[in-house]
Amino acid sequence: MQNRNFARRRGALLAMAGMAMAAALGNAPAAAADVASYPDNAMRIIVPYTPGGFNDTMARVLGKKLTEAWHQPVIVENRPGAGTVVGTEAGARATPDGYTLVVVGFPLVVNQYIYSKLPYDTQRDFVPVLLAGETPNVLLVRSESPIKSLPDLVARAKADPGKMNYASAGNGTSLHLAMEYFKNVTGTDLNQIPYKGSAPMVTALLGGQVDVMFDNLPNALPQIKAGKMRALGITTAKRLPSVPDIPTVAEQGYPGFEVSVWYGLAAPRGTPKPIIEKLNAQLNKALRDDDVKSVFEAQGVQILGGSTADFDKFFQAQDGKWAPVIKKAGIRAE
């Protein structure tokens with residue numbers, strides 16, 4: 001009797017396993033068909049910023065390329081607020097079907113450390129799609145400043161610790177963290193004066209309210225070319241061909257010093273991998289188009305591209321770099 005019962009149970013288990021395998025095999029062609037027909041509906045790209053900046057421009061340019069390639073509309077949805085948290089949360093909560101992407105960048109790394117609580121998990125709720133590009137920061141003083149070089153700045157800051165002021169675009173911005181990183185590696189002490197964006201920072205520097213600041217290269221370049229500002233160093237690993245006369249911070253005694261504002265696209269966790277790969281391939285193709293290159297170049301953004309694994313590796317490196325800087329400086333969201 002026991003042998004007959006065991007045989008029946010074993011037979012039932014084998015039957016269930018066979019049904020499961022058949023179902024899996026039966027679903028495989030359907031899954032492949034889904035990827036082959038994707039996308040068959042409108043897509044959207046959530047931009048956690050107001051219209052007008054490069055994050056918005058990138059979304060519209062790449063969205064247009066997806067429409068041209070796949071003949072489906074791509075809607076750009078601006079969802080600014082709370083230092084990108086509002087739009088980023090919308091991206092995290094979207095259905096993971098490949099029809100919603102979210103623009104991500106420097107704040108995605110930083111916000112997890114400066115906010116006491118976020119409505120999403122930075123490490124868990126997103127999958128990388130594409131690292132599109134980056135632009136460096138540049139260390140600046142006004143042209144009339146007695147500070148003529150980066151070593152001169154460091155010497156003066158060390159001679160009068162806590163006496164020099166620097167402008168930032170607010171707590172947790174790349175311009176704030178670039179200077180905190182600079183303070184760490186140079187052993188200097190400078191006071192932050194926060195402003196609401198780059199324009200008032202420039203006004204403060206030119207007016208002598210602050211002594212020094214980092215700014216994004218595209219913002220600063222017109223002032224540098226006009227002779228109103230002096231560039232002490234750029235935050236790339238090597239000098240840029242477009243501004244070969246600006247030395248890197250790294251070459252002036254601080255090897256490994258690199259800071260960039262970067263731009264990427266992510267999808268909500270759970271988006272099928274074949275769809276992510278299809279998106280990555282098409283977006284990389286778009287980055288090679290001359291009209292896309294010209295838009296990036298005009299904004300001072302270096303095109304990167306690459307695989308989703310490349311993006312993930314870059315993100316983890318950024319995470320490892322900025323977490324200790326934020327912790328040491330005790331930076332919290334305003």
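Biologist: Why are α4 and α11 called oblique to each other?

Modeller: Their axes, which are lines fitted to C-alpha atoms over the stretch in contact, cross at roughly 40 degrees and come within 9 Å. Under 35 degrees counts as roughly parallel, over 145 as roughly antiparallel, 65 to 115 as roughly perpendicular and the rest as oblique, so α4 and α11 are oblique. Bear in mind that this is a predicted model, where local features need pLDDT of at least 70, side-chain atom pairs count only at 80 or more, and totals for chains, interfaces and linings use all residues. Residues are numbered from 1 along each chain as its sequence is written, and side-chain values use heavy atoms, without hydrogens and water.

Biologist: Which residues make the contact of α4 with α11?

Modeller: From α4 they are Phe106, Leu108, Val109, Val110, Gln112, Tyr113 and Ile114, and from α11 Phe315, Gln318, Asp319, Trp322, Ala323 and Ile326. Contact means heavy atoms within 4.5 Å.

Biologist: How do those contact residues divide into nonpolar, polar and charged?

Modeller: There are 10 nonpolar, 2 polar and 1 charged. Ala, Val, Leu, Ile, Met, Phe, Trp, Tyr, Cys and Pro count as nonpolar, Asp, Glu, Lys and Arg as charged, and the others, Gly among them, as polar.

Biologist: What makes a residue of helix α3 buried, and which ones are?

Modeller: Buried means under 20% relative accessible area with a 1.4 Å probe, protein chains only. In α3 (residues 85-93), Val85, Gly87, Thr88, Ala90, Gly91 and Ala92 are buried. Their cover includes β1 (43-47), β3 (100-105), α4 (106-114), β4 (126-142) and β9 (260-268).

Biologist: What share of the protein is buried?

Modeller: Buried residues make up 46% of its 334 residues.

Technical notes: Buried means under 20% relative accessible area, exposed over 50%, partly exposed in between (1.4 Å probe, protein chains only). Helices (H or I, at least four residues) and strands (E, at least two) are DSSP runs, numbered from the N terminus. Axes are lines fitted to C-alpha atoms, for helices over the stretch in contact, and angles run from 0 to 180 degrees between N-to-C directions.
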